[in-house]
Amino acid sequence: MAEKGLNATAAALLGLLHEGPMTGGQLMATAENRLGPFWTTTRSQVYRELPVLAERGFVRLGRPGPRSSQPYAITASGKRVFAKWLSEDAGRDQLRNPLMLRAAFGSLHKPQQLQELYTERREEHTNRLAELREELKEVKKRDDAFQVATLEFAIQYQRSILKWLDSAPGLS
């Protein structure tokens, strides 16, 4: 089978499967934990990609477990295509920030509505910043420099959103 390029979700799943066989649910949890601070993956994306990866020979199915959960393991072909993906250009960043999208239309908000949006997001990002700081403490104990670096990026991102909220237009 000719090896086609991987989309980012497929590549992320193959990267995670380097840690060992996992079910779709385990992949979701691992993706949320390892990649969630900077990359979103939905359940529908995971369950859409896994059969495609299996069909292409990049993963193999294991024995069904409880509640018909299906473990997947990366194959040698999957490791090769993942290594090829790693060597390709990363492409442009894709920023999708719902707060900024709404702020772009700030003049169309009612003042109270804008205040509520900012207040809700401040709480959300403050909480996420605290969670990330705790995660970072745990990851530093495992001495994983790459995961530390990505968590530090996520922390800086949360700080930048909070700093923006300090001076956001429409604050009273």
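Domain bounds, as I use them here, come from an automatic or database domain assignment.

**Entry 1: the domains.** I worked with a predicted model. I looked up the domain assignment of the protein and noted domain 1 at residues 8-87 and domain 2 at residues 98-166. I then looked up the separation of their centres, taken over C-alpha atoms, and recorded 27 Å.

**Entry 2: the contact between them.** I asked how many residues of each domain are in contact. Five residues of domain 1 touch eight residues of domain 2. The size of an interface is often given as the accessible area lost when the parts come together, so I turned to that value next. About 500 Å² is buried between domain 1 and domain 2, and carbon and sulfur atoms give 54% of this area.

Entry 3: I looked for salt bridges between domain 1 and domain 2, and the count is zero. I sorted the side of domain 1 that touches domain 2 by class: two residues are nonpolar, two are polar and one is charged.

**Entry 4: the annotated span.** I consulted the UniProt record, an unreviewed entry, which places the annotation "domain: Transcription regulator PadR C-terminal" on residues 95-168. In the model, I noted that this span, residues 95-168, is 81% helix and 0% strand. Its end C-alpha atoms lie 19 Å apart.

How values were computed:
Residues numbered from 1 in each chain as written. Predicted model: local features only at pLDDT ≥ 70, side-chain atom pairs only at ≥ 80, totals over all residues. Heavy atoms only, no water. Contact = heavy atoms within 4.5 Å. Buried area = accessible area lost by both parts, 1.4 Å probe. Salt bridge = Lys/Arg side-chain N within 4 Å of Asp/Glu carboxyl O. Nonpolar A, V, L, I, M, F, W, Y, C, P; charged D, E, K, R; others polar. UniProt positions renumbered as here; feature names shortened; annotations may be inferred. Helix = DSSP H or I, 4+ residues; strand = E, 2+ residues; numbered from the N terminus.
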